Amino acid sequence: MSTTGSLEKEVAELLFQPSNPMLASDAQLENLNPEKIVLEPKEDGIRVQVHKSEDDIKLFSRSCRDMTDTFPVLVENVRNHVRGSCVLDGEIIGGKNFRTIRKNPHLRIFDALYFDGENLTGKELCERHQILVSCVGANSTNLSIIEQFKPETVHDIKKFYIGCVVKGFEGVMIKKLNSKYLNGRSYDWLKLKPKATLDLAVIEATYGVPPYDKLMSQFVLACMENGKLLKFCKVFAGLTFSQRIELTKYLETKILERVKNSVILNPEIVFEIEFEHFVQF
């Protein structure tokens with residue numbers, strides 16, 4: 001029985017039909033095995049899926065939102081430097097926030113999901129990368145393929161990781177060479193990023209929504225500067241359900257003022273928070 005019809009349908013469902021990208025799980029440096037993996041610098045930018053058929057080009061965000069009109073210079077670079085019909089996965093970089101990235105965008109491509117009528121998601125990463133190289137021409141000012149490095153030892157992984165962090169990258173991606181492209185989070189792709197901790201005072205809290213409206217779920221933290229507490233950040237993760245119950249009971253004895261579903265607190269409790277980076281709004 002011929003499968004031509006089903007294959008054509010499968011391909012049609014890829015081109016100009018954005019899907020959730022493959023996501024990496026967290027890694028620990030001491031648990032990494034150098035066998036059958038490849039390393040890539042981890043960019044800190046906007047995840048993008050590129051769809052191209054002849055001169056018809058679309059850029060989609062991680063949430064499948066159409067960003068084509070936002071980055072016309074990248075559309076032109078894809079038109080001039082990417083051949084054939086394809087679906088590519090990459091990152092738009094160019095600054096520390098959306099405003100600076102929009103002014104000077106660069107498209108860094110690291111995977112191919114589809115090329116000239118063939119669905120590549122079932123192929124291994126090493127084969128997809130070879131096809132990606134043949135699909136994308138020479139690097140340009142605004143478009144390039146991500147650098148890859150094949151480690152032989154754990155020391156190679158550490159050296160590459162440290163080098164990436166020193167150069168200003170967000171961290172390192174660790175990918176299995178035989179990994180297939182899967183939508184959603186996978187342990188075939190891992191991410192390694194530096195982390196730090198801060199001790200911050202809890203000065204405000206917000207209650208959750210029903211049925212958890214009796215429990216505090218979001219906290220405003222402050223740091224000390226020149227003898228004064230200054231609002232520094234908000235946190236809303238990292239506590240178990242039982243910890244939230246216990247913390248709410250205690251913090252309710254420290255309430256100074258109630259404002260709708262939020263409370264201002266006597267800053268007696270200090271959180272030690274672990275973070276990778278802060279986002280400024």
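Which residue in β15 is the bridge partner of Glu257? In this predicted model, in which residues are numbered from 1 along each chain as its sequence is written, the bridge partner of Glu257 in β15 is Ile264. Local features were considered only at a pLDDT of at least 70 and side-chain atom pairs only at pLDDT 80 or more, whereas totals for chains, interfaces and linings use all residues, and side-chain values rest on heavy atoms, with hydrogens and water left out.

The protein contains six helices and 16 strands, where helices (H or I, at least four residues) and strands (E, at least two) are DSSP runs numbered from the N terminus. Its C-alpha trace spans about 70 × 45 × 45 Å along the principal axes, and 43% of the 281 residues count as buried, a term that denotes under 20% relative accessible area, with exposed meaning over 50% and partly exposed in between (1.4 Å probe, protein chains only). The average pLDDT, the predictor's confidence in each residue from 0 to 100, is 89, and 93% of the residues score at least 70. Over residues 1–9, however, the pLDDT is below 50, and this stretch has zero contacts in the model beyond near neighbours in sequence, a contact being defined by heavy atoms within 4.5 Å. Where pLDDT is low, the predicted coordinates should not be read in detail.

Strand β15 (residues 262–265) pairs in the antiparallel sense with β14 (residues 255–259) over four bridges, and two strands are taken to pair if DSSP finds at least two bridges between them. The hairpin of β14 and β15 has two residues between the strands, and in it Lys260 takes a positive phi near 55 degrees. Strand β15 is also joined by three bridges to β11 (residues 196–207), again in an antiparallel arrangement, and Thr206 stands opposite Ser262 in β15.

An open sheet of mixed pairing is formed by four strands in the order β1-β10-β9-β2. Strands β1 and β2 (37–42) stand at its edges with a single partner strand each, so one side of each is left without a neighbour in the sheet. Within this sheet, β9 (residues 171–176) and β10 (residues 184–192) pair in the antiparallel sense over four bridges, and Leu192 in β10 is the bridge partner of Val172. In strand β1 (residues 22–26) lies Ser25, which is buried with a relative accessible area of 6% and whose side chain reaches the backbone oxygen of Ser186 at 3.0 Å. Beyond neighbours within four places in sequence, the contacts of Ser25 include Arg185, Tyr187 and Trp189.

Phe71 touches Ile46, Leu59 and Ile92, among others, not counting residues up to four places away in sequence.

Methods
Polar contact = N/O pair within 3.5 Å; in protein donor to acceptor, adjacent residues only side chain to side chain.
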